[in-house]
Amino acid sequence: MLEIKKRINIAKSFGSATESYDVSARLQRFSGKHLMPWLPNRNDLSVIDLGCGTGFFTEILSGRYQQVFGVDISTNMLNYAKDNRSTDICWLEGDAFSLPFASKSIDLVYSNLMIQWCDPIEKVISEVLRVLKPGGLFIFTTLTDGTLLELRSSWSKVDSDKHVIDFKTLDHLTDACNTAESKLLESREQDVVLEYENVLHLAHELKGLGASHVPSKTNKGLAGKDKWKQMIHAYQEFQEPSGVYPATYKVFSGMVVKLTS
Ligand SMILES: C[S@@+](CC[C@H](N)C(=O)[O-])C[C@H]1O[C@@H](n2cnc3c(N)ncnc32)[C@H](O)[C@@H]1O
């Protein structure tokens, strides 16, 4: 599928989840808060929240910094953010692959759980570096290989279609951050295991987040009822003695600096 078409579909998927997003976003809240200690203390900075979604963290950033832009590819997400967040924020519809900012104009790009939707990731990092001033920071979280391993394994027992997006490996991500003009200053990996009452609860949460869209899925329709039953049966392998169903998220946090020369 053409890259641009993939991105339009990702935007639609997130757009359709705007109203349910905030109540489903427990992982996003956790990972976004974990980035806070890395934020620079100076407040006279121009900041982008890239892939800002409903603007929860954009609002926190606007309480700390002089000029804050919330950028997202989904019009619905941005409309929700405009209606519900601080009026001090400048909301812009934009694609991480082609940001609506001049080169070397921004001090800090913050991005929480967005870049796993971007392929190739090198292009997005290069675009972020273009807009950053020398010495500027890119502070982000993303998900790596092994995320949703229980769901991937359960579907693999049913058919060979792609039901979970491909997450980058740690090495790939690290290499992408260390370029001729940038250096990964800090990084952290954490396994976050969320618990679900049942597999449908997990499926509803992913849908509620707009994160159930898989760009390279072969069969675009919903899997049939029988396939779902088989997958749910296979997921029982992971059920904990307490009865809950776990889902693993491998959260990577990174701080990249744009080198000055
Ligand atoms: C999982 S949500 C995270 C939202 C927010 N950062 C948070 O912490 O709640 C991912 C967001 O990235 C946006 N997104 C996905 N691909 C994008 C792209 N290429 N450019 C800009 N935004 C994108 C989606 O529309 C969605 O709002």
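Let's start with a pair of helices: helix H7 (residues 149-156) and helix H10 (residues 225-235) pack with their axes 8 Å apart, at an angle of about 125°. That makes H7 oblique to H10, because angles under 35 degrees count as roughly parallel, over 145 as roughly antiparallel, 65 to 115 as roughly perpendicular and the rest as oblique. Helices here (H or I, at least four residues) and strands (E, at least two) are DSSP runs, numbered from the N terminus. Axes are lines fitted to C-alpha atoms, for helices over the stretch in contact, and angles run from 0 to 180 degrees between N-to-C directions.

A word on what you are looking at: this is a predicted model, where local features need pLDDT of at least 70 and side-chain atom pairs count only at pLDDT 80 or more, while totals for chains, interfaces and linings use all residues. Residues are numbered from 1 along each chain as its sequence is written, and side-chain values use heavy atoms, leaving out hydrogens and water.

Back to the helices. On the H7 side, Glu150, Leu151, Ser154 and Trp155 meet Lys227, Trp228, Met231, Ala234 and Tyr235 of H10, contact meaning heavy atoms within 4.5 Å. Sorted by class, that contact has six nonpolar, one polar and two charged residues. The classes go like this: Ala, Val, Leu, Ile, Met, Phe, Trp, Tyr, Cys and Pro are nonpolar, Asp, Glu, Lys and Arg are charged, and the others, Gly among them, are polar.

Another pair is H6 with helix H8 (residues 170-177), whose axes come within 9 Å and cross at roughly 30°. H6 and H8 are therefore roughly parallel to each other. Ile121, Glu122 and Ile125 of H6 make the contact with His172, Leu173, Ala176 and Cys177 of H8. That gives five nonpolar, one polar and one charged residues.

Here are the two pairs together:

| Helix pair | Angle | Axes |
|---|---|---|
| H7 and H10 | about 125° | 8 Å apart |
| H6 and H8 | roughly 30° | within 9 Å |

Now for the sheet. It is open, has seven strands with mixed pairing, and runs in the order S3-S2-S1-S4-S5-S7-S6. Two strands pair if DSSP finds at least two bridges between them. At the edges sit strand S3 (90-93) and strand S6 (182-196), each pairing on one side only. Ignoring direction, neighbouring strands are turned by 15° against each other on average.

Leucine 143 has valine 251 in S7 as its bridge partner. Helix H6 (residues 121-131) packs on this sheet, touching strand S1 (46-50), strand S4 (106-112), S5, S6 and S7, and its direction makes about 145° with that of S5.

The loop between S4 and H6 deserves a look too. Leucine 113 is in that loop, and has a positive phi of about 50° although it is not a glycine.
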